[in-house]
Amino acid sequence: MKEIDLILSPLLIPAYPALEGETVYVVADILRASTTIITAFQNGAKRIYPLETVPEAEEKAAKGYLVGAEREVRRLPFARFGNDPFEYTTEAVKGQEIYFTTTNGTRTIKACFSANPDAEVIVGAFSNLSAVADFCREKSVYAVAAGWKGKVSLEDALFGAALYERLKATHRPSSDALRMVTPLYDESNLIEAVKKSDHYPRLVRAEKLESFEYCLTPDTCSVVPVARLFSESKEIVLTV
């Protein structure tokens, strides 16, 4: 059988050695970066460039590029978009290239490449769960939970368990992280479970609940964003 494992924080990526065979890293920031990226591509975005820092994003905005930027759940004032999937409508993003920075998700994409420049990295969420499972079926898998500033986030960890549930006929857990989280996952109770998470009150305080249930609804999208690292420029680009 193939292997699947859950990395509970991007800070732990260097501690995980390569799995047997071809390995894919699935970056999950459910609330909300990965869901937003997937939705933007579902609605026709051409490319998304994940950026690690705010100054990088500000520079792109100053040059007239289309920018999405978020810190601490809120959109930054220089950016056209924040980090809510409902902002990335077909009318706004179809055919567009977007530079995108968030508190956790975009940094996690970069962290995967920092640990392994040759890694195969994709973006996953509940919104494209079946498509991600199909993509991963013949590969070993690391589900990488973006978390919150290095800490564990319940919703991202539960995505790892959900992906394992879709793959358990062909994959076996390779460490205790996935064995520990899987019993907590119940698709029928997912929304109520995540309301007890650390991140839910942040969304409440910022009045950013519009897309909360959407972010936890499986299979609203069919695209799988794939990241590429350009070795000379160190630029990362997402396409589908």
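**The hairpin**

Author: Val226 sits opposite Thr239, a residue of E11. Note at the outset that this is a predicted model.

Reader: What makes strands E10 and E11 a pair?

Author: At least two bridges are needed for two strands to pair. Strand E10 (residues 226-229) and strand E11 (residues 236-239) are joined by 4 bridges and run antiparallel, so they count as paired. The two form a hairpin with 6 residues between them, and in the turn Lys234 has a positive phi of about 65 degrees.

**Aromatic pairs**

Reader: Are Phe86 and Tyr214 buried or exposed?

Author: The cut-off for buried is under 20% relative accessible area, and for exposed it is over 50%. Phe86 has 43%, so it counts as partly exposed. Tyr214 has 18%, so it is buried.

Reader: What makes the pair of Phe126 and Phe159 edge-to-face?

Author: Edge-to-face requires planes over 60 degrees apart. Phe126 and Phe159 have 85 degrees between their planes and 5.8 Å from centre to centre, so the label applies. Phe126 belongs to the loop between strand E7 (120-123) and helix H5 (129-136), and Phe159 to helix H6, so this pair ties together parts that are 33 residues apart in sequence. Phe126 is buried, at 0% relative accessibility, and Phe159 is also buried, with a relative accessible area of 0%.

Reader: How many aromatic pairs are there, and which residues do ring pairs link into a cluster?

Author: The count is 9 aromatic pairs. Ring pairs link Tyr16, Tyr25 and Tyr142 into a cluster.

Reader: How do you know that Arg202 lies over the face of Trp148?

Author: The distance must be within 6 Å of the ring centre, and the direction within 35 degrees of the ring normal. Arg202 lies over the face of Trp148 at 4.1 Å from the ring centre.

**The cores**

Reader: Which residues have the most contacts inside the largest nonpolar core?

Author: They are Leu6, Val26, Ile30, Ile109, Val121, Phe126 and Leu163, in a core of 77 residues. Helix H6 (residues 154-167) supplies the largest share of this core, 8 residues. A second, separate core has 9 residues, including Tyr49, Leu51, Leu76 and Tyr99.

Reader: What does Leu6 touch?

Author: Setting aside residues up to four places away in sequence, Leu6 touches Tyr16, Ala143, Ala145, Ala157, Gly160, Ala177, Leu178 and Val181.

**Cysteines**

Reader: How do you know that the structure holds 0 disulfides?

Author: A disulfide needs two cysteine sulfur atoms within 2.5 Å. For Cys112 the closest cysteine sulfur, in Cys136, is 12 Å away, too far for a bond. For Cys221 the closest is in Cys215, at 10 Å, again too far for a bond. The count for the structure is 0. Cys112 is buried, at 0% relative accessibility, and Cys221 is buried, at 7%.

**Backbone exceptions**

Reader: Why is the backbone at Val73 and Asp219 worth a remark?

Author: Most residues other than glycine have a negative phi, and most peptide bonds are trans. Val73 is not a glycine, yet its phi is positive, about 85 degrees. Val73 lies in the loop between strand E4 (66-71) and E5, and at 4% relative accessibility it counts as buried. Asp219 has a positive phi near 65 degrees. Asp219 lies in the loop between H10 and E10 and, at 34% relative accessibility, counts as partly exposed.

Reader: Where is the cis peptide bond?

Author: The cis bond joins Leu31 and Arg32, with omega about 20 degrees. Arg32 is in the loop between strand E2 (23-28) and helix H1 (33-42).

Terms used: Residues numbered from 1 in each chain as written. Predicted model: local features only at pLDDT ≥ 70, side-chain atom pairs only at ≥ 80, totals over all residues. Heavy atoms only, no water. Core = buried A, V, L, I, M, F, W, Y, C linked by side-chain atoms within 4.5 Å. Buried < 20%, exposed > 50% of the residue type's maximum accessible area, 1.4 Å probe, protein only. Contact = heavy atoms within 4.5 Å. Phe/Tyr/Trp six-rings, centres within 6.5 Å; stacked < 30°, edge-to-face > 60°.
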